[in-house]
Amino acid sequence: MTQHLQRRLTPRHITFMALGMAIGAGLFLGSADAITLAGPSVLFAYMFGGVMIFIIMRALGEMTVHDPVAGSFSVYAQRYLGSFAGYVTGWNYWLLMVGVGMAEATAVGTYMHAWFPDWPRWIWVLGSVLTIGGLNLLTVKIYGEMEFWFTLIKVLTVLAMIAGGLSLIFLGWGNGGQPTGLSNLWSHGGWFPHGLTGMVLALPVVVFSFGGVETVGIAAGEAAQPERTIPRAVNSVLWRILIFYVGALFVIMAIYPWTGLGTQGSPFVTTFAKLGIPQAAGLINFVVITAALSGFNCTTFSGSRMLYSLAGKGQAPAALSKVNAQGVPLRAILATLAVLLFAVVLNYLLPAKVFGIMMSILSFNTVWTWTMVMLAHFSFRRRQRAEGVPLGAFRLRAWPISSVVCVAFLGFVLFMLGYSPDTRVALYVGAAWIALLTVAYMLFGVEQRMQVREGLLATA
């Protein structure tokens with residue numbers, strides 16, 4: 001039995017994993033909420049948020065190229081910020097992935113319910129857990145292939161909408177030959193109809209749409225040629241955001257007055273219907289189901305790999321660090337899936353509330369993960385400078401200014417979570433979770449177990 005993961009994810013797999021996590025329900029459905037808050041200025045919010053995410057990904061990518069491991073930022077937090085920081089970051093991310101996985105599985109049940117209203121949602125949730133779980137139990141290459149095809153469907157849908165929308169704007173296709181032009185972008189209150197405050201209030205919604213792009217770091221432990229694959233995936237983050245978020249919403253708000261979009265469900269459904277596709281609702285429903293399955297696929301992968309990494313460091317039961325002959329961390333996957341099955345129970349008891357509950361309480365976990373990436377990178381750079389290690393070709397530019405600006409931005413997002421009554425619960429739950437992890441760290445002697453584990457590895 002092999003004791004290591006296998007590097008079988010190709011550059012195509014890694015690139016589409018990063019792409020897939022950036023294009024999800026946040027774009028197809030959540031964009032309506034951001035438009036309602038900010039109006040056309042939401043485009044600037046997405047651009048600014050995209051720059052911040054790019055800084056985070058460059059920082060993570062620099063450390064990943066230097067040391068591509070499955071535990072990614074948990075390992076880096078432990079190495080550069082201390083064992084407790086690595087422990088909390090790892091378990092925090094595992095909880096985040098499990099929670100997002102529950103939300104994505106719930107989304108599948110919700111969208112399938114639109115087609116099969118007589119079927120209870122929990123059946124579809126159970127089916128998605130078993131299907132995606134089964135795929136993850138196979139070789140990592142099969143996982144990569146499934147994510148590639150899931151993502152391709154989303155990419156083609158967005159590109160088709162952008163192309164059709166531009167034809168409508170400039171050629172009048174779908175509008176009796178009369179081009180709509182771009183005036184809707186500024187004719188309903190200007191670019192900032194709610195002032196700068198509206199754009200600021202939209203930033204948390206915008207940022208959380210990008211959650212999951214850090215999966216690239218987790219996948220590095222199973223990537224072939226990570227020194228080439230990771231930079232390519234990271235560098236594509238910014239232009240992906242510009243094309244798929246800014247480009248798509250630019251087209252949508254040019255076609256329709258933004259004042260009506262937030263009240264009509266998904267802006268994509270509205271736009272496809274305008275282009276003369278009466279099956280728009282069914283089409284977007286299918287795409288969003290694939291988007292949810294894609295997100296569930298990635299979270300199951302990332303959660304199980306983080307659990308595997310925690311076990312390998314002595315921060316979780318050692319049995320979870322075992323892999324099978326195909327290089328798959330079978331026990332870590334099964335343990336993660338066992339917790340994900342709780343989503344079936346929640347959908348049986350509270351079918352209409354699960355998605356909102358999970359997403360609202362997980363915001364804190366996302367900010368924590370990204371903040372730890374930036375703090376670990378800051379310490380990583382300082383250590384390299386102290387030891388006289390030359391910088392690699394792939395690195396975060398404008399350091400340390402870029403790091404300081406990004407951490408300040410994340411602090412502001414955390415403040416906004418507490419400012420809004422709708423998201424304040426995330427801080428309460430997050431603080432309780434960190435307190436629970438702290439008690440477990442001391443009660444179970446995690447640091448001593450880590451030292452024993454390191455000693456065993458050193459003498460092996």
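A398 counts as exposed because its relative accessibility is 55%, above the cut-off of 50%. The residue is placed in the loop between α18 and α19, and in this predicted model A398 has a positive phi of about 60° although it is not a glycine. Most residues other than glycine have a negative phi, and most peptide bonds are trans.

- The peptide bond that joins W399 and P400 is cis, with omega at about 10°.
- Buried positions in α19 are S402, S403, C406, F409, L410, V413, M416, L417 and G418.
- The cover over these buried residues of α19 includes α4, α9, α18 (363-387) and α20 (425-443).

**The chain as a whole**

- The chain contains 21 helices and zero strands.
- Of its 460 residues, 56% count as buried.
- Among contacts in the chain with a separation of 6 or more, 81% are between residues 24 or more positions apart.
- The accessible surface of the chain comes to about 18100 Å², and 70% of that surface belongs to carbon and sulfur atoms.

**The nonpolar core**

- In soluble globular proteins, nonpolar side chains tend to be buried together.
- The largest nonpolar core here has 136 residues.
- The residues with the most contacts inside this core are I14, V42, Y46, W91 and M253.
- V42, one of these residues, is in contact with A34, I35, V206, L249 and M253, when its neighbours within four places in sequence are left aside.

**The nonpolar surface patch**

- Nonpolar residues also form a surface patch of about 1000 Å², made by F44, M47, L156, L159, W186, W191, F192, L196, W239, L242 and I243.
- The elements that give two or more residues to the patch are α4 (42-66), α8 (140-171) and α11 (226-255).
- The largest share, three residues, comes from α11.
- L196, a member of the patch, lies in helix α9, which covers residues 195-209.
- L196 is exposed because its relative accessible area is 56%, over the cut-off of 50%.

- E147 lies in helix α8.
- With a relative accessible area of 0%, E147 is under the cut-off of 20% and is therefore buried.
- Leaving aside its neighbours within four places in sequence, E147 is in contact with M17, G20, S294, N297 and C298.
- The C-alpha atoms of E147 and L293 are separated by 9.0 Å, although these residues are 146 residues apart along the chain.

**Salt bridges**

- How many salt bridges does a search of the whole structure find? The search finds two.
- In one of them, the side chains of E62 and R381 meet, with 2.8 Å from N to O.
- E62 lies in helix α4 and R381 in helix α18, so this pair ties together parts that are 319 residues apart in sequence.
- Both partners fall under the cut-off of 20% and so count as buried: E62 has a relative accessible area of 5%, and R381 has a relative accessibility of 6%.
- The side chains of R79 and D67 also meet in a salt bridge, with 2.5 Å from N to O.
- R79 is in helix α5 (residues 73-81) and D67 is in the loop between α4 and α5, twelve residues apart.
- D67, by contrast, is buried because its relative accessible area of 18% is under 20%.

Note on methods
Residues numbered from 1 in each chain as written. Predicted model: local features only at pLDDT ≥ 70, side-chain atom pairs only at ≥ 80, totals over all residues. Heavy atoms only, no water. Patch = residues over 30% accessible without salt bridge, like charges linked within 9 Å, V, L, I, M, F, W, Y side chains within 5 Å. Areas by Shrake-Rupley, 256 points an atom, 1.4 Å probe, with all protein chains shown as cover. Salt bridge = Lys/Arg side-chain N within 4 Å of Asp/Glu carboxyl O. Helix = DSSP H or I, 4+ residues; strand = E, 2+ residues; numbered from the N terminus. Buried < 20%, exposed > 50% of the residue type's maximum accessible area, 1.4 Å probe, protein only. Contact = heavy atoms within 4.5 Å. Core = buried A, V, L, I, M, F, W, Y, C linked by side-chain atoms within 4.5 Å.
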